[in-house]
Amino acid sequence: MANSQLIYNIKEVFTDYLKEKYKFYNIPEYQRGYKWTPQQVEQLLDDIDRFHQNGNDDRFYCVQNITLVEKDAHYNVVDGQQRLTTLIILLSHLGETRMVENKIKYSVRPDTDYFIKNFIINPNISTDNWDVFLKNNMDKDYDHQDIFYLFSAHNTIRRWITSNKIDTDSFKDKLLYNVRLIVNKPNIDSEQELFMNLNTGKVSLDGADLVRALLITNVAKEELKNADLEDTKSIVRINERRVRIGLELDEISAWWNQPNVREYFNFLSKISVPTNETIDFNSDIYPIDLLYKLHVAKDGKKQIRLRDFENSEYIELYKKITSLHRTIKDWYQDYEIYHFVKYIVTQTSTTIATIWDDWKNTTSRQGFIEKLKDKSKLIIDAFVDEIDDFNEDWFANEDSRLYKILIMSDIIKIIESQHSENKIPFLPADYFRPKKEDIEHIFPQTPIGTKNKEEQSDFIAYIGLLNDLSDIYNENKNEENKIDISMDCSNSVDMETCKENINRYANKLIHRNSIGNLVLLNEKINRGYGNDFYTKKRIEIIRNPKKEFIRPHTLNPFIKGFLSTPSDLEIWTEKDIKANAKYIKEQLKVFFNIKEVNHEQV
């Protein structure tokens with residue numbers, strides 16, 4: 001048997017794997033006793049019984065892993081004692097007593113060892129009743145929890161075989177040759193620490209480990225299936241191929257471990273593991289699990305199991321996984337696909353399976369991009385016509401329409417910049433939704449407050465602005481409906497009343513909740529300057545001393561990028577609000593080729 005194996009059939013586990021130096025599996029003193037319930041035993045038996053090779057000699061059923069540590073003359077079982085012990089009970093019942101005799105030992109549990117040798121290895125249990133058994137064996141202290149579970153497992157196997165009318169010869173043949181274990185032998189300094197880590201979830205074998213083991217073990221073997229596995233040159237070739245596969249998987253894993261990649265594909269975390277599965281696919285700890293989740297999600301599956309990767313044509317499985325990785329990496333590096341895919345899965349219930357179907361069923365890359373663009377257009381299409389309707393209250397943000405429009409505005413600016421010398425970096429993956437951001441009013445929600453009242457130059461400028469707007473507003477109004485904004489707050493006896501009146505009038509004169517007056521802004525920046533006027537906000541955003549992420553659509557109003565020739569950078573007016581809103585609408589119309597729908601504008 002070649003030393004390059006990682007996965008062993010049950011016969012090998014109890015024969016070839018134990019020879020010369022290492023003679024048995026020891027259950028060390030820090031392990032709890034045997035504790036499989038009848039339900040767990042029956043589940044294993046049912047799974048083995050249902051497994052069939054269907055003409056494929058390379059298919060097998062995997063009962064997961066065992067973790068071993070080498071000692072002077074034995075292996076300490078750090079993880080997997082329940083599986084090993086159950087297999088010994090089962091093989092003993094099937095008549096393979098010589099194969100399993102003296103192959104397992106429970107350290108510091110002589111009564112358990114004696115029970116296994118005299119009642120399990122050489123079956124000698126004549127009753128299903130635990131109390132009767134204890135009464136018949138009063139000369140020994142068998143009243144222990146682990147012995148009770150061993151007793152129950154033995155009787156469960158006997159009843160299951162009888163009630164299911166199992167052909168024991170064919171079942172035993174399947175068990176010995178078609179059922180396998182992944183043997184894990186980590187390099188460690190402290191066996192007890194390894195055990196603690198395994199049992200607190202710190203180092204447990206994950207689907208990432210097991211899929212890796214399945215691929216490394218089987219792909220090279222399938223590729224060199226005609227090689228003589230006892231020939232040294234063949235063993236070297238297989239090992240070299242396994243090393244290359246391992247290195248490629250390491251490279252793939254490193255790519256998926258990048259923070260932005262992990263965040264970009266975090267929607268795949270919704271692909272869950274069934275509660276009855278013993279192997280997890282924890283993509284938070286093992287990011288390559290995102291690729292394995294994608295492998296099943298693209299076919300419409302909502303759950304992932306190890307069996308999705310077992311019993312495959314492993315060369316074909318390896319090709320599918322590596323090809324999928326290359327495709328997704330290519331998507332991720334494409335400025336249009338990157339933004340459209342993430343925007344769609346973030347803002348809608350569209351699944352990756354639907355997007356993958358579009359990819360498969362489109363004859364060209366550009367055709368796929370156009371489909372993504374059409375899906376993105378549908379997200380904002382219903383809102384575009386309202387952008388320059390200045391009576392619309394966008395601050396209410398019904399149906400998250402403000403987020404959908406402003407984030408798409410970011411995406412458009414980024415995509416269009418890729419054709420210029422001043423390319424804007426891709427939108428970070430965690431900014432396809434607001435991330436610790438406020439909906440900020442460019443013209444303040446409360447224009448005259450204590451802080452900005454103290455800024456006399458700004459205060460005077462805004463009083464002047466409001467006066468100009470009030471003149472327009474008062475045209476064709478009778479005297480009782482006119483607004484008088486020309487009050488002197490500095491000399492007013494009731495300062496608060498004065499400020500409240502001005503703020504109340506401002507609500508009528510400025511369309512503060514128009515989309516043209518709203519941006520998404522990092523909360524640290526926003527809350528740092530309160531209700532400051534435009535000039536102070538502009539300086540703080542452009543200076544950005546804490547180097548927070550500033551969205552493209554947020555920066556644009558503060559450099560007045562919506563104007564062909566930016567001017568009046570010291571003040572933000574109603575005219576600017578309307579111009580910015582019209583700019584956003586025109587940007588979307590041109591990008592998505594949206595036809596104008598006329599409506600009465602204010």
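Let me start with Ile380, which, once residues up to four places away in sequence are set aside, touches Tyr343, Lys404, Ile405, Met408, Leu588, Phe592 and Ile594, where contact means heavy atoms within 4.5 Å. Before I go on, please keep in mind that this is a predicted model, in which local features need pLDDT of at least 70 and side-chain atom pairs count only at pLDDT 80 or more, while totals for chains, interfaces and linings use all residues. Residues are numbered from 1 along each chain as its sequence is written, and side-chain values use heavy atoms, with hydrogens and water left out.

Ile380 belongs to the largest nonpolar core, which has 86 residues, and those with the most contacts inside it are Trp256, Phe265, Ile380 and Leu588. A nonpolar core here is a set of buried Ala, Val, Leu, Ile, Met, Phe, Trp, Tyr and Cys residues joined through side-chain atoms within 4.5 Å, and buried means under 20% relative accessible area, exposed over 50%, and partly exposed in between, with a 1.4 Å probe and protein chains only. Helix 18 gives the most to this core, with 9 residues; helices (H or I, at least four residues) and strands (E, at least two) are DSSP runs, numbered from the N terminus. Apart from this core lies another, of 58 residues, including Trp36, Leu45, Leu84 and Leu181. As general background, nonpolar side chains in soluble globular proteins tend to be buried together.

Staying with helix 18, I would point to Ser417, which lies in that helix and counts as buried at 7% relative accessibility. A polar atom of the Ser417 side chain lies 2.7 Å from the backbone oxygen of Ile414; a polar contact is a pair of N or O atoms within 3.5 Å, where within protein one must be able to donate a hydrogen and the other to accept it, and residues adjacent in sequence count only if both atoms are side-chain atoms. Beyond residues up to four places away in sequence, Ser417 touches Asn422, Lys423 and Ile424.

Phe426 sits in the loop between helix 18 (401-417) and strand 7 (437-441), and with a relative accessible area of 28% this residue is partly exposed. Its contacts, leaving aside neighbours within four places in sequence, are Tyr332, Gln333, Asp334, Tyr335, Tyr338, His339, Ile414 and Gln418. For Gln333, which is 93 residues from Phe426 along the chain, the two C-alpha atoms are separated by 9.4 Å.

Next, helix 16 (residues 352-361), whose buried residues are Ile352, Ala353, Ile355, Trp356 and Asp358. What covers these buried residues includes helix 13 (288-297), helix 14, helix 15 (335-347) and helix 17.

Now to the charged pairs: a search of the whole structure finds 23 salt bridges, a salt bridge being a side-chain nitrogen of Lys or Arg within 4 Å of a carboxyl oxygen of Asp or Glu. One of them joins the side chains of Glu96 and Lys172 at 3.2 Å, N to O. Because Glu96 lies in the loop between helix 3 (81-93) and helix 4 (97-100), and Lys172 in helix 8 (residues 168-178), the pair ties together parts that are 76 residues apart in sequence. Glu96 counts as buried at 18% relative accessibility, and Lys172 counts as buried at 19%.

Another salt bridge is made by the side chains of Asp330 and Arg365, at 2.7 Å, N to O. Asp330 lies in helix 14 (residues 314-333) and Arg365 in helix 17 (residues 365-384), so this pair ties together parts that are 35 residues apart in sequence. Asp330 is partly exposed, with a relative accessible area of 28%, and Arg365 is partly exposed at 33%. The side chains of Asp430 and Lys435 also meet in a salt bridge, at 2.4 Å, N to O, while Asp128, Arg158 and Arg159 are linked in a network of salt bridges.

The Thr112 side chain makes a polar contact of 2.8 Å with the side chain of Asp146, and Thr112 touches Tyr106, Asp146, Ile147 and Leu150 when residues up to four places away in sequence are not counted.
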